[in-house]
Amino acid sequence: MNKNITAISALAGIFITSNIFAAWNNGIYFQSANISGIDFTSSTVVHTGMGQSGTMYKDLDLSFGNFILANASNANFFGKNLMRTTFSEARLTNANFTSADLRGSQYYVDIKGTPITKNTIWINGNIKTNGVDGLSLTNNTDLIYVRKYEENPYMPSANINAVISTNSAASGGAKIVIDDGGVLEIKSGVSFGVSNATFEFYLSDEINRGLLLVNGSLSISAETMLNLYLTDEFSLSDFKGIEFVDISNGLFSGTFLDENTNVFNADGSVYIGDWSLSQTATGIGINFSSIPEPAEYAAMFGIIVLCFAAYRRCRK
């Protein structure tokens with residue numbers, strides 16, 4: 001199923017048309033397309049085709065995509081989900097893969113040019129910067145974004161974690177975001193030091209939650225910020241606590257302070273229930289206090305009414 005696609009960049013003031021746009025494994029398909037310089041993160045760049053007329057690439061998931069004989073030089077893929085994407089005979093000179101996720105993707109024959117990597121989750125899960133394993137988290141524009149790994153339903157394979165594979169540090173207001181179901185692993189023998197940076201975890205339940213898996217060592221300073229986001233699937237009726245840092249096979253030093261911790265609802269509003277952080281020998285998590293359901297409030301009110309009626313009878 002092939003259709004033409006027309007993408008327009010208001011900044012460039014030009015139309016760029018691919019020869020083929022198609023669905024393949026629910027992904028986009030560029031063949032022999034000139035998409036050089038396109039900003040896939042911009043709301044000014046849109047595509048038509050596959051029944052998605054006017055959809056912004058900014059909001060489009062690019063996983064399971066195909067770039068076949070495409071010229072993607074200088075294209076901007078900052079922060080994009082490129083998991084399970086195929087690049088074959090493509091031009092990638094200075095394509096910006098900063099903070100993008102390419103786990104499970106495939107590089108086939110005759111790739112031309114070298115892309116930009118910075119805090120890029122590479123094909124094998126290792127995080128790369130400047131073409132080698134490593135992180136660059138030194139200011140408030142630096143970001144690692146870890147999603148849940150997407151398996152190909154037609155070709156199941158082992159999960160690929162995002163991995164910090166070399167001794168690294170985060171500072172200067174940098175951000176480490178671990179989405180619901182995502183896993184960021186600190187490899188055995190590797191140390192990760194965090195000072196004046198922010199962790200963000202998205203939490204649904206004890207299984208579907210962002211997780212920092214410490215198989216090496218993690219140290220945090222008192223200035224480290226912690227933001228916890230409760231997704232739409234979160235429900236206190238299902239559990240009372242959730243662990244988001246696993247240190248059962250690693251080392252941890254430091255403390256996440258309550259005053260530097262924020263808990264938010266899915267819509268970004270502040271969570272008003274009672275919570276407390278907990279740290280054990282095996283992990284760090286958050287515990288919640290029960291909030292009575294409406295039916296429980298009604299039952300409590302009924303008991304109060306009965307007690308008051310009994311008191312009135314005794315008084316008489």
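I will talk about the salt bridges of this predicted model and then about one of its sheets.

A word on conventions before the details: residues are numbered from 1 along each chain as its sequence is written, and side-chain values use heavy atoms, with hydrogens and water left out. As this is a predicted model, local features need a pLDDT of at least 70 and side-chain atom pairs count only at pLDDT 80 or more, while totals for chains, interfaces and linings use all residues.

Let me begin with the charged pairs. Side chains of opposite charge can pair when their charged atoms come close. The structure holds 4 salt bridges, a salt bridge being a side-chain nitrogen of Lys or Arg within 4 Å of a carboxyl oxygen of Asp or Glu. One of them joins Asp101 to Arg103, with 2.7 Å between the closest N and O atoms. Are these two residues buried or exposed? Asp101 has a relative accessibility of 0% and counts as buried, and Arg103, at 1%, counts as buried too; here buried means under 20% relative accessible area, exposed means over 50%, and partly exposed lies in between, with a 1.4 Å probe and protein chains only.

Another pair is Lys128 with Asp133, whose closest N and O atoms are 3.1 Å apart. In this pair Lys128 counts as buried at 15% relative accessibility, whereas Asp133, at 30%, is partly exposed.

I would also like to show Lys175 and Glu200, which form a salt bridge with their closest N and O atoms 3.4 Å apart. Lys175 lies in strand S15 (residues 175-178) and Glu200 in strand S18 (residues 198-203), so this pair ties together parts that are 25 residues apart in sequence. Strands (E, at least two residues) and helices (H or I, at least four) are DSSP runs, numbered from the N terminus. Lys175 is partly exposed at 32% relative accessibility, while Glu200 is buried at 8%.

Now to the sheet. It is an open sheet of 6 strands in the order S13-S16-S19-S22-S26-S25, with mixed pairing, where two strands pair if DSSP finds at least two bridges between them. Which strands form the edges? They are strand S13 (162-164) and strand S25 (275-279), each of which pairs on one side only. On average, neighbouring strands of this sheet are turned by 25° against each other, direction ignored; axes are lines fitted to C-alpha atoms, for helices over the stretch in contact, and angles run from 0 to 180 degrees between N-to-C directions.
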